[in-house]
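Good morning, and thank you for the time. Please take a moment to look at the structure on the screen before we discuss it.

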Amino acid sequence: MVSSTVFQSPRFSFSSATKSTAKPITTTAAAVVHFPIRACSSTEAAGSIKTHHRRPADENIRDEARRQSSGNHHGFSAVYVPFNADPSSTESYSLDEIVYRSRSGGLLDVSHDLDALKKYDGQYWRSLFDSRVGKTTWPYGSGVWSKKEWVLPEIDSDDIVSAFEGNSNLFWAERFGKQFLGMNDLWVKHCGISHTGSFKDLGMTVLVSQVNRLRKMNRPVVGVGCASTGDTSAALSAYCAAAGIPSIVFLPANRISIAQLVQPIANGAFVLSLDTDFDGCMQLIREVTAELPIYLANSLNSLRLEGQKTAAIEILQQFDWEVPDWVIVPGGNLGNIYAFYKGFHMCKELGLVDRIPRLVCAQAANANPLYLHYKSGWGEFKPVKANTTFASAIQIGDPVSIDRAVYALKNSDGIVEEATEEELMDATAKADSTGMFICPHTGVALTALFKLRESGVIRPTDRTVVVSTAHGLKFTQSKIDYHSKDIPDIACRFANPPVQVKADFGSVMDVLKKYLLSRDPRC
């Protein structure tokens with residue numbers, strides 16, 4: 001099937017990369033030696049302009065990276081620590097340990113050695129990251145691994161499992177913004193233009209790469225498992241298949257689209273269809289991974305968030321390191337809103353930008369525990385029973401990352417909004433009518449934007465980014481039902497059904513004249 005050029009991601013329009021003049025920031029430790037960070041396969045430092053000779057014919061890009069690797073001589077490192085722990089806490093774990101919770105049972109976070117990273121200034125990191133865009137050098141052709149030092153700094157490039165994910169299109173929604181919102185600086189970050197059709201690829205490349213490393217170290221990992229509402233299982237099964245690692249998927253029966261179901265099946269995953277919802281699947285996979293040598297791949301595992309945070313860094317890159325005013329993210333299990341916060345915060349902390357955008361988390365009204373928590377003034381959090389929603393990937397009533405989401409929103413002056421089923425489907429239809437082809441989850445985020453524009457919170461000139469988390473082709477049935485006006489209790493006001501016409505010239509001409517007259521009275 002030929003894909004539409006609407007969904008093809010253009011090359012970034014960055015300025016030509018030149019050799020960085022930024023030098024490591026000096027320290028008092030005289031014995032510290034700083035090695036230049038190689039951004040490409042050239043023997044020169046990041047961004048230098050030099051004729052690159054093609055590698056030997058019998059050598060692939062992984063072989064080439066292996067031959068040129070000088071190891072991690074920069075002193076960058078990362079460990080697991082309890083999420084939002086007291087600064088006096090000394091609890092930490094190597095990333096090579098198989099651990100998902102802190103000693104107190106709380107969430108973990110991946111903590112980077114910021115002092116080591118700060119030995120290089122913001123201009124250095126901007127130049128380094130920019131120099132890697134659009135390359136086929138392993139593993140930097142990936143939008144995730146082009147930020148390797150900020151993701152998994154100690155992993156050997158030979159252990160990385162990547163489909164060169166990321167580098168997704170940042171789409172200027174010109175007509176949609178002007179026609180429906182009166183905005184001239186509205187953008188949609190199409191994270192669904194990725195290997196398996198969703199943003200989950202960004203995190204899964206990191207997690208499966210670390211599992212690949214663990215297996216080579218003979219750690220007790222036979223396979224990788226997840227509970228999923230569709231997109232996580234697609235990403236897990238694809239990356240495990242690429243690495244030859246068994247994948248196990250727990251899916252809620254009859255609650256995901258056929259397009260989502262077929263992906264793990266086609267990629268060879270062992271799929272269990274369970275008569276429960278996502279929260280029930282999540283409970284079971286946690287119990288199973290505690291007893292069997294199956295590595296847990298859900299966002300309880302903080303490794304995935306390291307990959308997902310690179311979408312935030314990528315947005316800044318695509319704006320030539322200018323910070324947008326707002327970023328709106330659909331929320332279900334709520335790891336992604338924290339991942340975006342973490343990416344933006346790291347860029348500010350390390351001097352690449354001087355502020356972070358305000359974040360908005362958008363939930364479906366049928367699965368809105370974060371929204372209710374926000375409206376209560378962040379009182380006691382209460383899970384809900386998630387009801388059926390077209391935005392099936394965020395149909396989650398007891399999100400694992402609730403604490404992470406609250407932290408991100410409080411520290412970004414954030415907002416939470418919700419969308420009814422009719423609102424999200426109407427928003428989806430409006431967006432599609434202007435040349436997009438979005439998923440229902442993006443419809444939830446657009447609904448949040450409509451409401452914040454109507455209330456005046458978001459101004460017409462605010463640079464706003466809506467994160468589109470999956471490709472619309474995964475959710476064609478919902479679009480068919482909408483445009484067929486076949487959804488109970490929803491008016492489908494923007495439906496565009498085909499017109500039945502007799503197969504004769506006169507009938508066709510009559511219909512076309514009527515249509516053209518409705519579009520332009522001069523006809």
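I shall speak about strands, then aromatic rings, then charged residues.

Please keep in mind that this is a predicted model.

Let us begin with an open sheet of 3 strands, ordered E2-E1-E3 and paired in the antiparallel sense. Its edge strands are E2, at residues 93-94, and E3, at residues 108-112, and each of these pairs on one side only.

A parallel pairing can be found elsewhere: strand E11, residues 358-364, runs alongside E12 over 5 bridges. In this case, Ala362 is opposite Glu417 in E12.

I turn now to the aromatic rings. The whole structure contains 21 aromatic pairs. One of them joins Phe76 and Trp125, with ring centres 5.8 Å apart and planes at 50°, so this pair is tilted. Phe76 belongs to the loop between helix H1 (61-68) and E1, whereas Trp125 belongs to helix H3 (residues 122-132), so the pair ties together parts 49 residues apart in sequence. Both Phe76 and Trp125 are buried.

A further pair is formed by Tyr100 and Tyr295: their ring centres are 5.8 Å apart and their planes meet at 70°, so the pair is edge-to-face. Tyr100 sits in the loop between E2 and E3 and Tyr295 in strand E9 (residues 294-296), so this pair ties together parts 195 residues apart in sequence. Tyr100 is buried, with a relative accessible area of 14%, and Tyr295 is buried as well, at 1%.

Ring pairs also link a cluster made of Phe76, Tyr120, Tyr124, Trp125, Phe129 and Trp150.

Finally, the charged residues. Lys430 lies over the face of Phe450, 4.4 Å from the ring centre. Likewise, the charged end of Lys479 sits over the ring of Phe437, at 4.5 Å from its centre.

Is Asp320 buried or exposed? Its relative accessibility is 54%, so Asp320 counts as exposed, given that exposed means over 50%. Asp320 is found in the loop between helix H11 (310-318) and strand E10 (326-330). Asp320 and Arg126 are 194 residues apart in sequence, yet their C-alpha atoms are 9.3 Å apart in space.

Methods: Residues numbered from 1 in each chain as written. Predicted model: local features only at pLDDT ≥ 70, side-chain atom pairs only at ≥ 80, totals over all residues. Heavy atoms only, no water. Pairing = 2+ DSSP bridges. Helix = DSSP H or I, 4+ residues; strand = E, 2+ residues; numbered from the N terminus. Buried < 20%, exposed > 50% of the residue type's maximum accessible area, 1.4 Å probe, protein only. Phe/Tyr/Trp six-rings, centres within 6.5 Å; stacked < 30°, edge-to-face > 60°. Lys NZ or Arg CZ within 6 Å of the ring centre and 35° of its normal.
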